[in-house]
Amino acid sequence: MSIPDHHTHYVAPFDADISFDELPDAPPSQAYWPSITGWIGIVITSFWLFIAILGPWLAPYGENDLPFPDDYSEFQEPKEGAFLGTDVEDRDVASRVMYGAGRTIGIAVAATSLAYFIGVVLGIGAAVSGPRVDMVLSRINDAFLSLPTIMLGLVVVAAVGSSITVLVLTAGFIYASVVYRLARAIGMEIMVMDYVEAARVRGEGRWWIITREIWPNARMPLITDFGLRLIYVILFISSLSFLGLGIQPPQSDWGSMVRENLGALQYGTSQLSVIAPALAIATLTVSINLIVDDISAHGGGKLSKRM
């Protein structure tokens, strides 16, 4: 007598008297409409995305241009031609903030997207593949989760060198472990729902269950967590740059601008060269967090518990 495979899908014999109409389907998704705080977050985030995309064309000067070559002086106060003043090299602070927005946000979005591609594929795959695959993937993921993110990033970047590609890959693989854990948890939760059991009874395959049952119900919490994870990646990239292992001069990003201009806090006539990039990081991360909280509130608070 052969032992049946646990992963085999059995199809019930056809009977005209049997109907699947009463079997449950996946619950319909509810439309999201932002609240006031949600709109505030959307407006601020959209502003920085606009600057990140069009900053090099909107900036009054080039990234390393000197607005006042005949009046060279570091940390100049705001005046006509430089409304945020100048930095330690007498470069226009506003222009460098605009150029830095593209690198900071671009690297963070690329790294978060990579993390989600890896984490969601492996996490949902583990949830539907059975206990053996789940155990192997989960133990490997636990090993990565046990390593401090900043320390691991510092080791990798110090070992292979700093570049945009290295930063994206490093942040993407580091945060994929967190995404894997969330995607697996959501997938496991959905796999025991009645509508998934009904799909199995109908003889639906794994790919059908993933695309028609799991993903539509996992989509909102995963998209919401994407925004939250983006905040952590922005802070991670900025931290590496602040420590000198991120974007290298003369290129600018917000973290490196804070590091370069720390002297303004002690002896500069203007501190805007430090305050402007720090404020850019703060406003962007807070605005994204407002959107995430608003979407979580729309989901009845369940999303924040899952994350």
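This is a predicted model: local features need pLDDT of at least 70, side-chain atom pairs count only at pLDDT 80 or more; totals for chains, interfaces and linings use all residues.
## Salt bridges to start with

How many salt bridges does the structure hold? There are eight of them. As a bit of background, side chains of opposite charge can pair when their charged atoms come close.

Some of these bridges join up: Asp 87, Arg 91, Arg 96 and Glu 260 are linked in a network. Let's walk through it. Asp 87 pairs with Arg 91, with an N to O distance of 3.0 Å. Asp 87 also meets the side chain of Arg 96, this time at 3.6 Å from N to O. Then Arg 91 makes a salt bridge with Glu 260, where the closest N and O atoms are 3.5 Å apart. That last pair ties together distant parts of the chain: Arg 91 sits in the loop between α1 and α2, Glu 260 sits in helix α8, and 169 residues separate them.

## What the UniProt record says

The UniProt entry, which is unreviewed, marks "transmembrane region" at residues 36–59, 105–130, 150–183, 226–247 and 267–292. What do these spans look like in the model? Take residues 36–59: the span is 96% helix and 0% strand, and its end C-alpha atoms lie 31 Å apart. For residues 226–247, the figures are 77% helix and 0% strand, with 23 Å between the end C-alpha atoms.

Helix α1 covers residues 36–58, and Leu 58 is part of it. Leu 58 also belongs to a nonpolar surface patch of about 570 Å², together with Phe 50, Ile 53, Leu 54 and Trp 57. Why does Leu 58 count as partly exposed? Because its relative accessibility is 43%, and partly exposed is the class between under 20% (buried) and over 50% (exposed).

Pro 56 is in helix α1 as well. It is partly exposed, with a relative accessible area of 35%.

## The nonpolar cores

Now for the inside. The largest nonpolar core has 58 residues, and the members touching the most others are Trp 48, Ile 214, Leu 222 and Trp 254. Which elements give two or more residues to this core? They are α1, α2, α5, α6, α7, α8 and α10. Helix α2 gives the largest share, with 15 residues.

Leaving out neighbours within four places in sequence, Trp 48 is in contact with Val 97, Ile 105, Trp 254, Ala 280, Thr 283 and Leu 284. There is also a second, separate core of five residues, including Phe 75, Val 258, Ala 264 and Val 274.

## A buried aspartate

Which helix holds Asp 134? It lies in α3, which runs over residues 131–145. Asp 134 counts as buried because its relative accessibility is 9%, and the cut-off for buried is under 20%. Setting aside residues up to four places away in sequence, Asp 134 touches Ala 126, Tyr 180, Arg 184 and Met 188.

First, the general rule: most residues other than glycine have a negative phi, and most peptide bonds are trans. Against that background, have a look at Phe 75, whose phi is near 55°, a positive value in a residue that is not glycine. Phe 75 is in the loop between α1 and α2, and it is buried, with a relative accessible area of 1%.

Asp 90 also has a positive phi, about 65°, although it is not a glycine. Its place is in the loop between α1 and α2. At 0% relative accessibility, Asp 90 counts as buried.

Finally, where is Pro 250? It lies in the loop between α7 and α8. A cis peptide bond joins Pro 249 and Pro 250, with omega at about 10°.

How values were computed: Residues are numbered from 1 along each chain as its sequence is written. Side-chain values use heavy atoms; hydrogens and water are left out. UniProt positions are given in the numbering used here, feature names are shortened, and annotations may be inferred rather than shown by experiment. Helices (H or I, at least four residues) and strands (E, at least two) are DSSP runs, numbered from the N terminus. Patches are made of residues with over 30% relative accessible area and no salt bridge: like charges are joined within 9 Å, nonpolar side chains (Val, Leu, Ile, Met, Phe, Trp, Tyr) within 5 Å. Accessible areas come from the Shrake-Rupley method with a 1.4 Å probe; for residues, only the protein chains shown count as cover. A salt bridge is a side-chain nitrogen of Lys or Arg within 4 Å of a carboxyl oxygen of Asp or Glu. Buried means under 20% relative accessible area, exposed over 50%, partly exposed in between (1.4 Å probe, protein chains only). A nonpolar core is a set of buried Ala, Val, Leu, Ile, Met, Phe, Trp, Tyr and Cys residues joined through side-chain atoms within 4.5 Å. Contact means heavy atoms within 4.5 Å.
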